[in-house]
Amino acid sequence: LWKADRMRTVRQSRKLQGVRYDVRGPILVEAQRLEAEGHRILKLNIGNTAPFGFEAPEAIVADMVQSLPDAQGYSDSRGIYSARTAVAQYYQSRGFRDAVVDDVFIGNGVSELINMVLQTFIDDGNEILVPAPDYPLWTGAVTLCGGVPVHYRCDEENGWNPDLEDIESKITDNTHALVIINPNNPTGAVYSPDIVKGLIDIARRHDLVVMADEIYEKIIFDDAQHHHAATYAGDDVLCLTFSGLSKAYRVCGYRAGWVYITGPKHLATDFLEGLTLLANMRMCANVPAQHAIQTALGGYQSVNELIVPGGRFYEQSKLASRLLNEIPGVSCVEPEGALYCFPRLDPDVYPIKDDEQFVIDLLRAKKILVTHGTGFNWFEPDHFRLVTLPDVEVLTEAIGRIDEFLATMR
Ligand code: PLP
């Protein structure tokens with residue numbers, strides 16, 4: 001007998017227990033199965049601009065191309081000097097007078113930096129306050145690092161603003177950090193100065209590190225303004241601000257992001273040494289994409305044309321929330337920013353028990369892929385997230401098909 005029956009099965013490590021990232025989970029596997037059968041699936045599950053006809057500013061693409069011959073080597077693991085300077089100068093222009101190169105680490109997108117920062121920061125059992133709903137990488141990465149994600153409620157009836165009382169009530173002696181996602185994915189909420197200040201005051205009172213994911217900072221509509229958490233964190237709250245090129249510059253595939261560190265860094269030297277160690281261990285971020293950072297931040301901000309009336313981000317977001325609100329039993333808080341709608345399905349009209357199954361049923365019936373609300377760690381199976389990236393025609397057709405499907409349930 002061959003020894004195959006004596007070989008061990010290969011299993012994922014225990015570290016992965018409870019780690020989820022549903023946006024690309026079983027729902028995507030089912031969509032791919034349908035595609036293999038020859039169906040055309042409209043994928044509205046991921047905030048990926050390129051497939052929907054958005055193009056990066058030419059100068060960014062040209063910069064990537066031009067840098068290829070000279071960007072063959074590893075760079076400094078914290079990032080190339082010009083990119084780190086450009087990020088520091090960007091924050092200077094946002095009012096952070098003392099921002100310097102040493103405050104910036106460049107990564108392969110915000111995703112890599114979230115993982116690296118949490119790996120550096122979390123000890124087993126540490127509690128980290130994460131919004132619900134959240135961008136699920138945060139919950140997944142906290143869990144992967146041995147931490148305990150503690151979800152605080154964002155209040156749909158109050159424009160999806162974080163419920164500050166709920167946050168306070170969930171703080172224990174073991175709470176170490178507060179995650180803020182602003183502008184928010186999946187809800188599209190953009191927080192007022194009072195809310196941001198309220199969040200930071202909580203962090204200050206309870207000696208929490210603030211982790212502010214601000215990747216959608218430039219995608220805001222109408223009167224909304226983005227307020228950096230770091231502005232209110234000042235000198236006495238350690239604040240890690242994450243942002244990057246993926247969304248505002250439409251180059252998610254290039255993988256370029258950064259984390260900017262403010263506050264009492266003298267109390268965080270050990271943490272920063274650890275972060276540098278992890279940065280060293282993965283050598284560096286994609287070097288050609290790092291070259292694009294200076295070009296992007298210093299150049300013409302074409303995103304500003306997309307977020308005003310007549311611009312695609314703006315028009316599509318407004319249309320999607322309006323059409324969703326016209327469906328009986330569906331309500332959608334109008335997004336103030338970002339690239340998503342997060343509508344509610346009234347449980348009295350649509351008594352859904354398993355929202356992932358709902359998404360799969362919709363996919364099979366109408367060939368549209370959205371993401372279930374519990375995939376964003378929302379508490380009830382009564383929401384889904386729709387990406388508002390297709391042009392108005394496709395978006396209208398897509399929401400029409402969602403309406404047809406819901407009509408069979410009413
Ligand atoms: N943070 C939020 C809130 C996001 O929505 C995303 C991507 O959708 C990311 C981080 C990851 O971005 P990156 O492409 O920089 O890894």
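Visitor: How do the residues lining the largest cavity divide into nonpolar, polar and charged?
Guide: In this predicted model, the lining of the largest cavity is made up of six nonpolar, two polar and two charged residues.

Visitor: Which residues are they?
Guide: The lining consists of Tyr-90, Ile-215, Glu-217, Lys-218, Ser-243, Gly-244, Ala-248, Tyr-249, Trp-258 and Leu-297.

Visitor: Changing topic, how is the protein divided into domains?
Guide: Domain 1 takes in two stretches, 13-54 and 306-407, while domain 2 covers 58-298. The centres of domain 1 and domain 2, taken over C-alpha atoms, are separated by 25 Å.

Visitor: How many residues are in contact between the two?
Guide: On the domain 1 side 36 residues are in contact with 33 residues of domain 2, and together the two domains bury about 3,000 Å² between them, with 61% of that area on carbon and sulfur atoms.

Visitor: What about polar contacts across that interface?
Guide: There are 15 residue pairs in polar contact across the interface of domain 1 and domain 2, counting pairs in which both residues have pLDDT 80 or more.

Visitor: And what is the salt bridge count there?
Guide: The count between domain 1 and domain 2 is one salt bridge. Lys-318 forms a salt bridge with Asp-222, and their closest N and O atoms lie 2.5 Å apart.

How values were computed
Residues are numbered from 1 along each chain as its sequence is written. This is a predicted model: local features need pLDDT of at least 70, side-chain atom pairs count only at pLDDT 80 or more; totals for chains, interfaces and linings use all residues. Side-chain values use heavy atoms; hydrogens and water are left out. On a 1 Å grid over the protein atoms alone, a cavity is a set of points where a 1.4 Å probe fits but cannot get out, and a pocket is an open set with protein on both sides within 12 Å along at least five of seven lines; lining residues have an atom within 4 Å of a point. Ala, Val, Leu, Ile, Met, Phe, Trp, Tyr, Cys and Pro count as nonpolar, Asp, Glu, Lys and Arg as charged, and the others, Gly among them, as polar. Domain bounds come from an automatic or database domain assignment. Contact means heavy atoms within 4.5 Å. Buried area is the accessible area (1.4 Å probe) that two parts lose on being put together, summed over both. A salt bridge is a side-chain nitrogen of Lys or Arg within 4 Å of a carboxyl oxygen of Asp or Glu. A polar contact is a pair of N or O atoms within 3.5 Å; within protein, one must be able to donate a hydrogen and the other to accept it, and residues adjacent in sequence count only if both atoms are side-chain atoms.
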